[in-house]
Amino acid sequence: MMMLLRKLPWLIGTLLAVSFFTFMLVGLLPGDPAVLILGAGVSPEAIVALRLEMGLDRPLLIRYLDWLGSALTGDLGRSPMTGELVMDAILERLPVTVQLGLMAIVIALVMAIPLAMVSASFAGSKLDRVISGIGFALMSVPGFMMAIFLILIFAVTLGWFPATGWIPFLVSPLDNLRNALLPALSLAMIELALYMRLLRTDLIDTLQQDYITLARAKGMPSWRILTRHALRPSSFSLLTVVGLQLGGVISGAIIVEEIFALPGVGRLLYQSILQRDLVMVQGIVLFIATAYVLVNFIVDLCYSLLDPRVRYAG
Amino acid sequence: MPAKKAPKIESRAQNFARALQQVFGRGFGPGFWLAVFWLLIVAFCAMFADWLPLRDPVDPVIANRLNGPLSGSLLGADGLGRDIFSRLVHGARVSVVIGLTAVSIGMIVGGALGIIAGYFRGHFERALMAVLDVILAFPWLVLLLALVAFIGQSLFAISVAIGFLWIPAYARVARANTLSVVQREYVLAAKAMGASTSRILVREVLPNVIFPLLAYGLVAMGLVIIVESALAFLGLSVEAPQPTWGGMISEGKRHLATAVHVALIPSITMFLTVLSLNFVGDRLRSHFDVKESNL
Amino acid sequence: MTPAELEEQPLLLDVRNLTIRLNSAAGLVHAVEDVSFVLREGQTLGIVGESGSGKSVMARSLLNLLPRRSVAQRQGSVVLSGREISALSERDLQKLRGAQVAMIFQDPMTALNPVLTICVQVSEPLQQHLGLSKPAARQRAIELLDAVGIPDAASRVDQYPHQLSGGMRQRVVIAIALACDPALLIADEPTTALDVTVQKQILDLLSRLQTQRRMGMLLITHDLGVVASRADYIAVMYAGRLVELAPATTLFSAMRHPYTEALFNSIPRITDPAHTRLQAIPGRPPQLHNPAPGCAFAPRCQYAQQRCHRETPPVVPSEPSVSSVVPVGQTQHVHACFFPVTRPITGGAN
């Protein structure tokens, strides 16, 4: 609890800076918003009138504070292009992106942990080299390329999974998973390679510790040593990396959602940028960045909770 | 009992020469040299694309549309009839130039910031770390999309935008290495002898920090190529008619069912390039890690 | 027990011609070379040697605890209570470890898993080997912690290792080792990492527990002082070989091997006049990956002669009266030297 309070100022400071940076970055994008909305060929008076109405004549700082104030109440504005409330647009599409991200991370973890354990306990052997080699190769394949390969094999050639489209989970769970699998796999492969590499190194390190030798001297079976004695100390850095990699997962999600035509937040962001819908872009970027900071903050807290050395010392 | 021989003190140049000799003398294995060979081919294509006897990469010849490899031209034609092989070679230029430029920007700017932060500590360091925290709070694609919309889509603009992304990574690595170097005794000794700050930075800190930075460079370049191709895939990299590998893959997606080679060939090329960069970078890094302590 | 009674006890451990070669970047390392000794129930065998003498490698190899990839060659026989264990499968060895043979290691700070409670770490062998239920194991763990002298065991048992001092952690390690009442305890430098004041406590604890449970103990150390009063027999190792083995009293009063003599001379004595120069053994321990022919100690030995550099001295009995065929199974005074020291040493060991 004390730790939470101590870190709170950092959190608030970072979130404030993030919001400011978001506003500035988007605000500095070229193109007069009023012109973009009304289109070219409209009278200058109409443009000025719209600018006044949108409050674009006020100083930047005032506009920022106004925007921030609304954002804190959950009002991220209304898109001048589509007319929807930004927050509504985000929340409507959020489940898709969250499901995609979670599936990707879970698939990656479920595959990475056993592979890393096998790799580490037979470190240096042929099996280890094969597994590490595959992981190394996977790291050289970007998300969109993996997506194309998967589409080619499973959608075009084998026809097992659809190449585009989305059906919400509540409508039909099975169809939902069918649609979500290829996109999630595309994202998962890179994460898999990263997690596996990290965990393997960590495990090899841990397995050389004295307390592992003592566990062996106690007569503990090898699998028990791996899971109970070695995995836990090694998992901390894995947890941290999962949190830090969220940025990569979100970036990948933007591309993957676009490729598979999934109605997620990432696709919304991409298209809003293309259309120069600045209000929408501002809102989405703030939302994503805030979520990222919060999630990493929580991961940081969990780390302290899980590692007894930190827990009792702090 | 024989007297102990005084240890031979090598100059830094001799040390480096010996390291090079070990790199090229001792075998690195066939895979390593294969990767280096591939990278040299890519670099060659990037440099001499204009002078090679290739078909025009932007000239659409509808008659050749979607021809497979070895039917007419070496690797076939894409959806608009443009020669794939020629586009591949020209596209290498984009990847290599952006790769080198972005990594250089990241290394120089990020490295400098990191070294200064690590050496002088204090407010600057804290401010820098705070700014980096904020920048890193944004998913990289989001940041990049905004930057590209802001700076534009020329070769230079894209390089700068991606380079900007790499500044935090390099700043962190440089700072961490500087922190550890600064604590070592030879820096303290230099200080005690009255060496000026700039002298210490240049003579003691820089040479020791630069090796990890350079080692990271090759791997970083692979990542930059991936990032750039992602942008190109989304249509936000260097604009048409300049061919880019990412753009070619994006176009190829449309023809996956009918002419898979349009997407497959640039994909494989890019994969091999990034893989080679990762491989060579990784090997060099682990090789020089041991040597680092000799400096 | 009297020395005579000690000799009557059944054989617990019979090691013959144990040879271990390890893989290393520099080539094959001859870590342990042709070592033979025995240990009877209730006895303590002290194994003394410098770092690099091979004593730790040998201790770990008894239970095959060396990393799989490091061991290039392993020869010789290890018989535990009449059973040959050197060729046992990993699974069978796991049943032995912790149950019949237990081991404690040097550094208590790293020997315990930092993320598991004391209770879990002590209960594990109880559950694994004795099949105790969790609550029963916990109860037994508290009793064990009590037995090794940890105050307030009931609350300590749920703590984590970093909350205990070094001395207490070592007691926990001992508790873990004794959990299943092993017949043999291998103690690899159990006190090296501890403060001097704590060292005595731990050694006293070990002696007491050993007598109570009639355990055999292999006490491995580089400190002659530690084995002087605690061991029944002492084996001296150098460069992977056994150079001398004798009952403790005999070793200090009638040592044969020049290395043993040099070790003994290097101990500073409180009765020496002030500013007496410390007698160090000149030279350095040999490299083990390309052993030169002949006696390993010869380059540093003040009595070395031509023969010592050419031939490796075999282990022979030190009493001329006994038959020339050395029954390796008997613990008596043996040494490996062509020109053993014969004059008695004045002054007693500490």
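Predicted model: local features only at pLDDT ≥ 70, side-chain atom pairs only at ≥ 80, totals over all residues.

Mentor: pLDDT is the predictor's confidence in each residue, on a scale from 0 to 100. Chain B has a mean pLDDT of 80, with 86% of its residues at 70 or more. Among the elements of chain B, the lowest mean, 61, belongs to helix α1 (residues 12–25), and the highest, 90, to helix α3 (residues 84–120). Over residues 1–6 of chain B, pLDDT stays under 50, and the model has one contact beyond four places in sequence for them. Residues 290–295 of chain B also stay under 50, but for this stretch the model has eight such contacts.

Let us now turn to the strand itself, in chain C. Strand β10 (residues 241–247) of chain C is mostly covered, with five of its seven residues buried. One partner of β10(C) is strand β9 (residues 233–238) of chain C; the two run antiparallel and are joined by six bridges. Within this pairing, C:A246 of β10(C) lies opposite C:I234. The hairpin that β9(C) and β10(C) form has two residues between the strands, and in this hairpin C:A239 takes a positive phi near 50 degrees. Another partner of β10(C) is strand β12 (residues 334–335) of chain C, again antiparallel, with two bridges between them. There, C:V334 in β12(C) is the bridge partner of C:L245. As you follow these pairings in the picture, bear in mind a general rule: in a regular strand, side chains alternate between the two faces of the sheet.

Note on methods
Residues numbered from 1 in each chain as written. Chains lettered and ligands numbered in written order. Heavy atoms only, no water. Helix = DSSP H or I, 4+ residues; strand = E, 2+ residues; numbered from the N terminus. Contact = heavy atoms within 4.5 Å. Buried < 20%, exposed > 50% of the residue type's maximum accessible area, 1.4 Å probe, protein only. Pairing = 2+ DSSP bridges.
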